[in-house]
Amino acid sequence: MFFQPVELTTALRPLLLPDEILLFVQDAVGLYEGKYKIPSMQDGHAYLTSHRACYVDKAEPRKNSVAVELKNVDKYEFYARFLKSSPKISLYPKPTRGSVAPSRNHSAASTQRAQAYLRSSAASPSPRGTSPFDQPSQRSSSPGTSSVTWICQICAQPNQLPPRFDASTASVHTSLAPCSTCGVKPSLAQILKAAISTASGRQAAKPTEPPSQPLLESHRQTLSSLSGEEKLLASASPPNTGSSFQCPRCTFLNHPSLPNCELCGASLVSIDLKGQIEDDDTIQRPESPGPTMVNQSFDFNDDPEYIKLSFRCGGDKIFHERLKGAMLQRKWLLQNAPPVPRPDQSLGRAPDHVHNQNRQADGTPPLERSKIVGIAGLERRGLELRKNNEVVLNNAFEDLEALMASAKDVVALAEQFAKKAPESGSEAADALLESATALGMVTTKDMLGSSAGSETLYLSELSRNVAEYLTDDAKGILRKEGGIMSLVDLWAVFNRARGGVELISPTDFEKAARLWGRLNLPVRLRQFKNGLLVVQRHDWTDDKTIAQLLDWLQELHISPPSSEVFWSWETFGRGVTAQEAAQRFGWSIGVATEELEMAEENGALCREESVEGLRFWENWITEEGDTGKTTLDIDPETLAVTRNLVDLGLW
Amino acid sequence: MSSKSPAPRPAFDPSGPRPAPPPSALPSTFNFPREYAYPPFYSLQPTLLTRSAQLRKWSALIQSYCRFHRIYRLSLIDAVDTPLFHNASIKKRLRLEDVRVVVTWMAGEEGGWRAEWVDGGGVGKGKIDGGGAVWVWWRRPEEWADVIAAWVEETGQRGVVLTLWELSQGAGSKGQEFHGMDPEVLQRSLNVLVKRGKAQIFGEEDEQGVKFF
C-alpha cells in the first residue's frame, strides 16, 4: 500500500506523528496517479514533512486526502516547467518484495486501466497519452493497435490520435488535442500526414518511432534550458500561412502555436483555446495537457507505478529541495534509535535519570548511590542533577549539530525548568512557560511556497496553526481561559510559544484569525460592541454564556452574601462585578465586562451604578409579574433543603 | 383608618379613571412595589428595553405614591429626599437628574402624559437649578372632569350652583376622591367641563362658582 490515509487535525492539517517535522507547504497542487490526473484531487495543499508527503484536498479534505510515506519512496524525479505543463515531482514506490517484475505488472495494469481513461475535456477528443515508461509493454500487449501516432514537432513526443478521428472528414475546424507533454497543438497537415502513413502501412511509422527514454530526457532538459522563443523558432515548422494569429498588442502575425508574440512578447492565446479557458473559471491556468482519469474512483489499495505532484502555482523547487533533504536525513529511521552516545566522564557521579534507567535496565546497579542517605544524600543528588544539567547544556550548545542531536534532552530539560518555575496566577502564563513543548508547531514563512497567492497561503496556514494550538487538548489554552480569550492575549501567548523566533505580526495574526470562519475551523473570532476581538469555540454562543451567568446569579439566591446587605438577597440575589465574573469563569476582566454587557443588552441582566462601582444583577425590572410572585422557580422545599445544606457547610 | 388585609400595593392602572375606592379601604401605609427594594432600580438602565420597563415602573410608582398621599404637585428638589425617591433601608436613592429623566418621560407621549411641568411645557426640562415642579397626573384633568360630572349626576346637583371651595373642601364632597383637591387642578378640570358645555364658571377671583348642566 503506497497510499496511506491521512489523519487530519481539527484545523484540517495533517496530524504530525511524534518527531515528525513539517518542512514545507504549498497550495494549488494536483495529484497524478501514474500519468493520469486523479479527478478528485486536483486542487489542494501539499504538505512535506520529515516522514511523509501529504496531499490535502481543498474542497473535501476529509475525503480526498492521502499521504505517501517517504520510507516507501524509492526515488523521486523532478520535471521543470515545460511549456504548458506545470512543474511536477514524481515519487516512485519501492518495489514490493516478492514480486519478480513489479514494474512489468504495474505497466500491464496501467495499460488495462488506460482503456478506461479519457481526455478531461469531453469537447476535444484527444490522443491517449503514452509515456516512455509504459511504451514497450503497451506495444507488446496490444500489437495490433490501429490508432494513429503522431510525433510532436516541438518536443518529439509521440502522441496518439483518438480512435474516433477520421482523416477523411477532418477539416481546419476539427479540434485537435494538443501534445500531451508540451501542450502545443499539431497542425492539421501534420496529423493527416501521420494518419495517411499509418493507413498506408505500419512500416511508415517505424522511422518516427519515439526516441528511447534517456534520449528523450536529455532532449527535454535541453529544451527547458533554452529560452522558449529561440527554441520554438529553431524547431517549429515554417509558418502555416493559412492560420497566422495576430498579436493583440502589436498586431504582428504570429505562428498559431507560439505562446508569446515574437515581436513584443505579449502572451498570445490562440482563438479556440481562449474559449476553453474562459469557459473554465475554476482553474486559472492554461489548459493542462495532462489527461484525466474518468470513471475511476480512487482506491487506497491501488499501487500506482508512480505518482506525480503537479505544482500549478510554483513552490516546486523548494519542495524538491526539502524532499531531497528529507530523503537524505531519513528521520523515520531515528524513530526508535537509541539516544546519542555521549562522553560519560563522570561515571558514578553524574548520571541523569536517563542514564540511571539505562543502567538499571542493563542490570548494572548504580555504584555508590545507595550508600549515602539523609541530608547529605539529598544534597549529593541535587549536586549531581545540576552537574548533569550543566553537561547537557554544554554539549548542546557546543555547536549546532550537537544541539540538533541532543534536542530531545534539551526539550525535556526546558520542560522541567518550566515546571519548576514559580507558580503564576494566570493559566496563560503557564502556557507561556511551556513554550518548549511548542517547538515543533511552527508555521513559518520560509516553510511555504512562493506563489501568487503566497500571502493567502501563509495566512491560511497560520490560521490553521493557531486554531490547532487553541484546540489542542493537551494545552487546553482556550479551556483554561474559560472558553474565551481576547485576541491580543492569544497573540502574546502564541508568539511566546514560538520561543521568540519567527514572530507573527499583529496584522498577520488578525488576518489569520479572520480566516477561521471561512476555513470552517472549530474556533471563531468574535467582535464585541466596543471593538474588542475575542476568540471562542465555534459552538459557543451568547445564549450559552447568558445561561451560565444566570445559573451563577441563581446560586446567589441561596448562598448568603459575604457581607451584610440591606436588600433581601433571597429575592434578588446580589449584584456581581466584572472582577467576580472574571474570577468565577476564568475570563480576563475585559472579556468579563464585555460578556456582562452583552447579557445586559440582551435583557438578561441589568446594572446598578454606585460609588462601589458597577454591578450586574439579574433583571427584575423587565419582570412584569407583580408582588404575587416571590422569588424564583425553585420550590420552597428544595430551597429549604439547600439552605440547610449551606448552613451545615456542605454546599 | 383600619388596615385591612396587607393588600397588594395599589397597582395603578394608568389606562383610565376608575371609581375611587372608599377611603376606608386604603391601607394606612403605602406599600411600595417589589422593585423599590431592588438596588438596580435606582440606576437608569442603558439598554433600551430594560430602560423603558424601568421608566414605566417608576412612573407607576410615582403615580400611586402621589395618589396615596394626595399629592398633585411635586417639587422635585424636595421630593428626592422623600421616601418616594429615597429608600433609606437599602441606602439607595434616585438622583435628581434621573428623577428629571423619569418625569420628562412621564410628561411625554410614551409616559401617557402623566406629568406636566408646572411652569409651562418642557421649560423645566433643561433646568438644573431645582426649579422643576411637576403636576403628577395620577388622574388627568379630563379624568377629574369625568369624576366630578359623575358625582354631580349621582347626587342630583345638576343645575345647582356650587362654589369651588364647596367642591373641594365642602362637607358635601367629603369622601370623594377630589375632596381636598388642589384649586388649580380643580380649575383646570372644570375648564374641561366648560369646554364640553357641561358646566359654566362665573364669579370673581375668590368667589368663583360653577353651575352644572
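Trainee: Where does B:Arg114 lie in chain B?

Mentor: In this predicted model, B:Arg114 sits in the loop between helix H3 (96–107) and strand S4 (115–117) of chain B.

Trainee: What makes B:Arg114 buried or exposed?

Mentor: The relative accessible area of B:Arg114 is 5%. Buried means under 20%, so B:Arg114 is called buried.

Trainee: Which side chain does B:Arg114 join in a polar contact?

Mentor: The side chain of B:Glu143. The two side chains are joined at 2.9 Å, and the cut-off for a pair of N or O atoms is 3.5 Å, so the pair is called a polar contact.

Trainee: How much of chain B is buried?

Mentor: Of the 213 residues in chain B, 46% are buried. The secondary structure of this chain comes to six helices and eight strands, in the order α-β-α-β-β-α-β-β-α-β-α-α-β-β along the sequence. Among contacts in chain B with a separation of 6 or more, 56% are between residues 24 or more positions apart.

Trainee: How many residues of chain B are in contact with chain A?

Mentor: 24 residues of chain B are in contact with 25 residues of chain A. Contact here requires heavy atoms within 4.5 Å. The area buried between the two chains is about 2,100 Å², and carbon and sulfur atoms give 58% of that area.

Trainee: Why is the pair B:Lys92 and A:Glu608 called a salt bridge?

Mentor: The closest N and O atoms of B:Lys92 and A:Glu608 are 3.0 Å apart. The rule asks for a side-chain nitrogen of Lys or Arg within 4 Å of a carboxyl oxygen of Asp or Glu, so this pair qualifies as a salt bridge. The rule finds one salt bridge across the interface of chain B and chain A. Between these chains there are also seven residue pairs in polar contact, both residues being at pLDDT 80 or more.

Trainee: Which element of chain B gives the largest share of the side that touches chain A?

Mentor: Helix H1 (residues 48–68) of chain B, with six residues. By residue kind, that side of chain B divides into 11 nonpolar, six polar and seven charged.

Trainee: How many disulfides are there over all chains?

Mentor: The count is zero. A pair of cysteine sulfur atoms would have to be within 2.5 Å.

Trainee: What makes A:Cys54 and A:Cys606 buried or exposed?

Mentor: A:Cys54 has 2% relative accessibility, and A:Cys606 has a relative accessible area of 0%. Both values are under 20%, so both cysteines are called buried.

Technical notes
Residues numbered from 1 in each chain as written. Chains lettered and ligands numbered in written order. Predicted model: local features only at pLDDT ≥ 70, side-chain atom pairs only at ≥ 80, totals over all residues. Heavy atoms only, no water. Buried area = accessible area lost by both parts, 1.4 Å probe. Polar contact = N/O pair within 3.5 Å; in protein donor to acceptor, adjacent residues only side chain to side chain. Helix = DSSP H or I, 4+ residues; strand = E, 2+ residues; numbered from the N terminus. Nonpolar A, V, L, I, M, F, W, Y, C, P; charged D, E, K, R; others polar. Buried < 20%, exposed > 50% of the residue type's maximum accessible area, 1.4 Å probe, protein only.
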